[in-house]
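This briefing is intended to be read alongside the sequence and the three-dimensional view.

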Amino acid sequence: MPVFPKISLRPEVEKYLKDGFMNKEVVNTLGKAAAERKFETLLKHLSHPPSFTTVRVNTHLTSVQHVKTLLLDEFQKQFNGLSVPVLQHPDLEDVLLIPVIGPRKNIKKQQCEAVVGAQCGNAVLRGAHVYVPGIVSASSFMKAGDVISVYSDIKGKCKKGAREFDGTKVFLGNGISARSRKEIFSGLCELKGIGIRMTEPIYLSPSFDNVLPGYLFLQNLPSAVVTHVLHPQPGERVLDLCAAPGGKATHIAALMHDQGEVIALDKIPNKVEKIKQNALLLGLNSIKAFCFDGTKALKHDMTEDTQEGPPFSPESFDRILLDAPCSGMGQRPNMACTWTLKEVMSYQPLQRKLFSVEPRIGEEGMMGAGLSLEQLRQLQRFDPSAVPLQDPDQDALRDATAEDMIRLANKDCIGFFIAKFLKWKSTSEKDPQK
């Protein structure tokens, strides 16, 4: 049963998402009323944490059973003897699932309050303690050792250092303050570390702060599924195009038993450093991380590769993983998103660029072959009938701009079409059915 309101979105963003979700095919299949209910249910679920915390075991350094035993002991300590099961996923053998208990009722709210930023609040709902930088507001009388009720400023309206906040806030549970208000907001030095240790969170989920750091990696279930679908093999060369912070790249290397080569790209320097740190922490030596724009990773000239880094010649890799940049609106919990429609839609051109066949000059494919509109857009069709027959003279050529002529040349040419396919088997392999 929902305890939080549905995710708060700008009206134009919610309308855009609803229009896409309630497309003709969905409405025809489910009916309008059922489709609307399903969309509203989705918005409500986004503001709540998933039912399980998912961790991936680093099988390069340890066994799943060993980590499972260690976690059971750890949770006994964290939850004061409360028995919390640790389940091994039946289809993803290196994934462990820990159920989240909650929402817990009858937690008494305290007079002393602290308000944290939305991102910090989301982390608390997944089992984290409150770190000092995440605290936005605290009661004027808050001292170290006080029992504190913690709230999340889901719309980002609370001013840093405020003594009270009457705006939209969501109760996250109670904790014990490790710092006084004066220490937190003195401004004399930048404090780090735990500011409030959560003792009665509304959702009881284990804390993984400094828990088995080399043996496991916190990772959402779909992210762990991706690498298993990729199915990398020892000795292969694999490219992870948008790799930060390195969860999937390290998973690839682990599944390959650290044998082969994993090239990890990201265009932001500090994110590349994070990939390297995670690889070092997990003891993986097959990962090579480069600061490079994935949209420029393909080398277009045919010169021989003289360096190990990007750009790369065609067919340089056995497998490629692309987790394209996106809005992240599917992350949970997420109680509010202040993005504009323009910001939400800004990722589409980049995603298309990462996936696209370059250069794109022709029109989409011809209807009637049983392909969807999206599949037709993956083709390039050059149709001589797309423009009227031309009868240019010198005056017309002189008056035409270069852009007009190029546009015409792209259309008025021979009939042709282009489709790009993924190689799924080498021609040297024998077909097992023959």
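The points below are grouped by topic and describe a predicted model.

**The six-stranded sheet**

- An open sheet is built from six strands in the order β5-β9-β8-β7-β4-β6, with mixed pairing.
- Strands β5 and β6 stand at the edges with a single partner strand each, so one side of each is left without a neighbour in the sheet.
- Within this sheet, β4 and β7 pair in the parallel sense over five bridges.
- Val115 stands opposite Tyr151 in β7.
- In general, the strands of a sheet pair through backbone hydrogen bonds, in either the parallel or the antiparallel sense.

**The largest nonpolar core and helix α5**

- The largest nonpolar core holds 26 residues, of which Phe4, Val116, Leu125, Val130, Ile148, Val150 and Ile196 touch the most other members.
- Two or more residues of this core come from each of β4 (113-117), α5 (118-125), β6 (135-138), β7 (147-153), β8 (170-177) and β9.
- The element that gives the most to this core is α5, with three residues.
- Val116, when its neighbours within four places in sequence are left aside, is in contact with residues including Val130, Ile135, Val136, Val150, Tyr151 and Leu172.
- Apart from this core lies another of 18 residues, among them Ala243, Ala249, Ala253 and Leu284.
- In soluble globular proteins, nonpolar side chains tend to be buried together.
- The buried residues in α5 are Cys120, Gly121, Asn122, Val124 and Leu125.
- Packing of the buried residues of α5 is against β4, β5 (130-131), β7, β8 and β9.

- Strand β3 covers residues 95-99, and five of its five residues are buried.
- Val95, Leu97 and Pro99 point one way from β3, whereas Leu96 and Ile98 point the other way.
- In a regular strand, side chains alternate between the two faces of the sheet.
- Strand β1 (residues 52-57) pairs with β3 in the antiparallel sense over five bridges.
- Strand β2 (residues 87-88) also runs antiparallel to β3, and two bridges join these strands.
- Leu96 of β3 is the bridge partner of Val55 and also of Gln88.

**Aromatic rings**

- The model contains seven aromatic pairs.
- Phe4 and Tyr203 form a tilted pair, because their ring centres are 6.2 Å apart and their planes lie at 50 degrees.
- This pair links distant parts of the chain, 199 residues apart: Phe4 is in the segment before α1 (11-21), and Tyr203 is in the loop between β9 (194-201) and β10 (216-218).
- Phe4 counts as buried at 6% relative accessibility, and Tyr203 is buried with a relative accessible area of 7%.
- Phe21 and Phe39 make a tilted pair, at 5.5 Å centre to centre and 45 degrees between the planes.
- Phe21 belongs to helix α1 and Phe39 to helix α3 (residues 32-46), so this pair ties together parts that are 18 residues apart in sequence.
- Phe21 is partly exposed at 24% relative accessibility, whereas Phe39 is buried with a relative accessible area of 2%.
- Ring pairs join Phe75, Phe79 and Phe208 into a cluster.

**Lysines over rings**

- Lys109 places its charged end over the ring of Phe171, 5.1 Å from the ring's centre.
- Lys169 lies over the face of Tyr151, at 4.8 Å from the ring centre.

- Helix α8 (residues 247-255) contains His251.
- His251 has a relative accessible area of 0% and is therefore buried.
- A polar contact of 2.7 Å is made between the side chains of His251 and Asp94.
- Leaving aside neighbours within four places in sequence, the residues in contact with His251 are Arg56, Asp94, Gln219, Ala224, Thr227 and His228.

How values were computed. Residues are numbered from 1 along each chain as its sequence is written. This is a predicted model: local features need pLDDT of at least 70, side-chain atom pairs count only at pLDDT 80 or more; totals for chains, interfaces and linings use all residues. Side-chain values use heavy atoms; hydrogens and water are left out. Buried means under 20% relative accessible area, exposed over 50%, partly exposed in between (1.4 Å probe, protein chains only). Helices (H or I, at least four residues) and strands (E, at least two) are DSSP runs, numbered from the N terminus. Two strands pair if DSSP finds at least two bridges between them. Rings of Phe, Tyr and Trp (its six-membered ring) pair if their centres lie within 6.5 Å; planes under 30 degrees apart count as stacked, over 60 as edge-to-face and the rest as tilted. A charge sits over a ring if NZ of Lys or CZ of Arg is within 6 Å of the ring centre and within 35 degrees of the ring normal. A nonpolar core is a set of buried Ala, Val, Leu, Ile, Met, Phe, Trp, Tyr and Cys residues joined through side-chain atoms within 4.5 Å. Contact means heavy atoms within 4.5 Å. A polar contact is a pair of N or O atoms within 3.5 Å; within protein, one must be able to donate a hydrogen and the other to accept it, and residues adjacent in sequence count only if both atoms are side-chain atoms.
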